[in-house]
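Let's look at a protein together, one question at a time. Have the picture open as you read.

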2 protein chains.
Amino acid sequence: MTDFNPLALENQLCFPLYAASKEITRRYKPFLDPLGLTYTQYVAMMVLWEQDGITVGELGSKLYLDSATLTPLLKRLEAHGFVRRERSHEDERAVIVTLTDEGRALRERALEVPYCMAGCLEISPEDATELKMLLEKLLRSIA
Amino acid sequence: MTDFNPLALENQLCFPLYAASKEITRRYKPFLDPLGLTYTQYVAMMVLWEQDGITVGELGSKLYLDSATLTPLLKRLEAHGFVRRERSHEDERAVIVTLTDEGRALRERALEVPYCMAGCLEISPEDATELKMLLEKLLRSIA
DNA sequence: CGCAATACAATCGCGCGCGATTAACTAGCG
DNA sequence: CGCTAGTTAATCGCGCGCGATTGTATTGCG
């Protein structure tokens, strides 16, 4: 029997996950730079394009991020004129995030990003579907 | 035909990749904290446990990290007494990273980490193998 | 009603992650 | 041999990512 090294990088599941995530985020950069968005800001905007006027907490639960990350990020998006941040009148603890006209308009320019990325990632549709399914399964089991 | 929204979070491949990577790194924390390592420091140590005395550049190519990340990280590992950083005599541009006795000894304590994580991730061996294979395939195609 | 428990966002501190630049060194070509 | 082009780490600046704490608002229980 060959000796198995549990601390070898090749025997890790999590390392390729970590490395692939970083590399892909880097691949997004040239497509997102012209929009003035980072990757995290981009996914935050995706949530808002689907569901405008949600709270910081709701946004965070969809993105797996907390207010320590989101508050400064949303302030930057606000400074860029893409969103507004306002205390809820019903519940003064909550902060509602709303798209501005400029933020809504940005969606049109962002529409091509997924297609640019699809052309950039050399992965078959079958592998992509399988990978997405496995990642979501993993995510459900731990998050 | 149903209308497909390319900017919906559920239609992204990269988002579950990004989210799962973050969540898993977080799961490592309680196991790595007692060793005094972050996740990135842990994978750097894994490389050194396999191949001691490599340069910053070689380490970076294995971890997909550059010197801007590694230099301060290695300084912290040096401050903790796990590694030494010395200019190569053959090539004064290169910096050789070497394990200290303490750094080598840490491997024994780290050996249980992969087993703790395996017990913590609810994923079947078949899914894990398939996921790892797909991630490495993706990584090879883009990095 | 009053007060303790809970919920929510903001803040703080530290460690990445990386594009861009800088500085030191080496290689290689004429 | 000298000079330029290339290589290697280090540094800088900014934006996350998150555990921990803080302050305010709400809820719920007696």
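Q: Is B:Glu23 buried or exposed?
A: This is a predicted model, where local features need pLDDT of at least 70, side-chain atom pairs count only at pLDDT 80 or more, and totals for chains, interfaces and linings use all residues. Residues are numbered from 1 along each chain as written, chains are lettered from A in the order written, and side-chain values use heavy atoms, without hydrogens and water. Buried means under 20% relative accessible area, exposed over 50% and partly exposed in between, with a 1.4 Å probe and protein chains only. The relative accessible area of B:Glu23 is 9%, so the residue counts as buried.

Q: Which residue forms a salt bridge with B:Glu23?
A: A salt bridge is a side-chain nitrogen of Lys or Arg within 4 Å of a carboxyl oxygen of Asp or Glu. Here the closest N and O atoms are 2.6 Å apart, and the partner of B:Glu23 is B:Arg26.

Q: How are B:Arg26 and B:Glu23 separated in helix H1 of chain B?
A: Helices (H or I, at least four residues) are DSSP runs, numbered from the N terminus. Because the two lie three residues apart in helix H1 (residues 14–32), B:Arg26 and B:Glu23 are separated by about one helical turn.

Q: Which residue of chain B forms a salt bridge with A:Asp127?
A: Both partners lie in a helix H7 (residues 125–142), one in chain A and one in chain B, so the pair joins two chains. With its closest N and O atoms 2.6 Å apart, A:Asp127 pairs with B:Lys137.
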